[in-house]
Amino acid sequence: MAVAGKLTSTYAKGFLGSRFNLGDVYGVVTYRAANTTKHQLRLVGGIKIPLTTANDKNANGLPLPLDYQSSIGTYDVIGGINYVLHKHLEADLALQLPVIHNNKSSFSPGLYPDESRIKYFPNTNNFERKPDVLFRVGYYINLPANIILKPNLLAIYHLGQDTYLNPSGQRDVLDGTRG
């Protein structure tokens, strides 16, 4: 069994301002279910804990869009399978499921009436995210001096339409967020 952790952060700078903040803490446990000379099978489980509520503001005190945030403010569970064949070919399948939504974003493009570029950012007031499925395939290339290269192809599919709270207090779908 192996345990790993990761801490994320984001520095974002653009026409709405700049922000730096810590993002999420990830904790992952990997259990080796099978190990032979031909293949390895591992089961992976983990969690993601947000360190912010996704409501950072700019220098004028206005909420920034999610592109400027270091986290989306969800507590997630992660589960997956990792398979390695002949110590070179690797495949992963995983699910990341938001279970607690602690997003406090209050961003709405209408808060910036004098900025024409704001229309490219969706409303994310009280944003709720749907789960993702991930599939990755990679190949280990062993080089001299114990250097390993591992090029990968990664596919992520977003399982649903994300939503936000509109000004009348109803949840609206963010079109184009599935897939």
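**A close look at the sheet**

Modeller: Happy to! Seven strands make an open sheet, ordered β1-β2-β3-β4-β5-β6-β9, and their pairing is antiparallel. Strands here are DSSP runs of E at least two residues long, numbered from the N terminus, and two of them pair if DSSP finds at least two bridges between them. At the edges sit β1 (2-14) and β9 (152-158), each of which pairs on one side only. On average, neighbouring strands of this sheet are turned by 20° against each other, direction ignored; the angle is taken between lines fitted to C-alpha atoms, in N-to-C directions, on a scale from 0 to 180 degrees.

A word on the source: this is a predicted model, in which local features need pLDDT of at least 70 and side-chain atom pairs count only at pLDDT 80 or more, while totals for chains, interfaces and linings use all residues. Residues are numbered from 1 along each chain as its sequence is written, and side-chain values use heavy atoms, with hydrogens and water left out.

Within the sheet, β2 (residues 17-35) and β3 (residues 39-50) pair in the antiparallel sense over 11 bridges. One place to look is V25, whose bridge partner in β3 is I49. The protein as a whole has 11 strands and zero helices.

Now to S70, in the loop between β3 and β4 (74-85). S70 counts as buried because its relative accessibility is 9%; buried means under 20% relative accessible area, exposed over 50%, and partly exposed in between, with a 1.4 Å probe and protein chains only. A polar atom of the S70 side chain lies 2.6 Å from the backbone oxygen of L22. Leaving out residues up to four places away in sequence, S70 touches T8, T10, N21, L22, G23, D24 and T52, where contact means heavy atoms within 4.5 Å.

Next, the packing. The largest nonpolar core has eight residues: A12, L16, L64, Y68, F107, Y112, I118 and F121. Such a core is a set of buried Ala, Val, Leu, Ile, Met, Phe, Trp, Tyr and Cys residues joined through side-chain atoms within 4.5 Å. A second, separate core has five residues, among them A54, L66, Y164 and L174.

How values were computed: Helix = DSSP H or I, 4+ residues; strand = E, 2+ residues; numbered from the N terminus. Polar contact = N/O pair within 3.5 Å; in protein donor to acceptor, adjacent residues only side chain to side chain.
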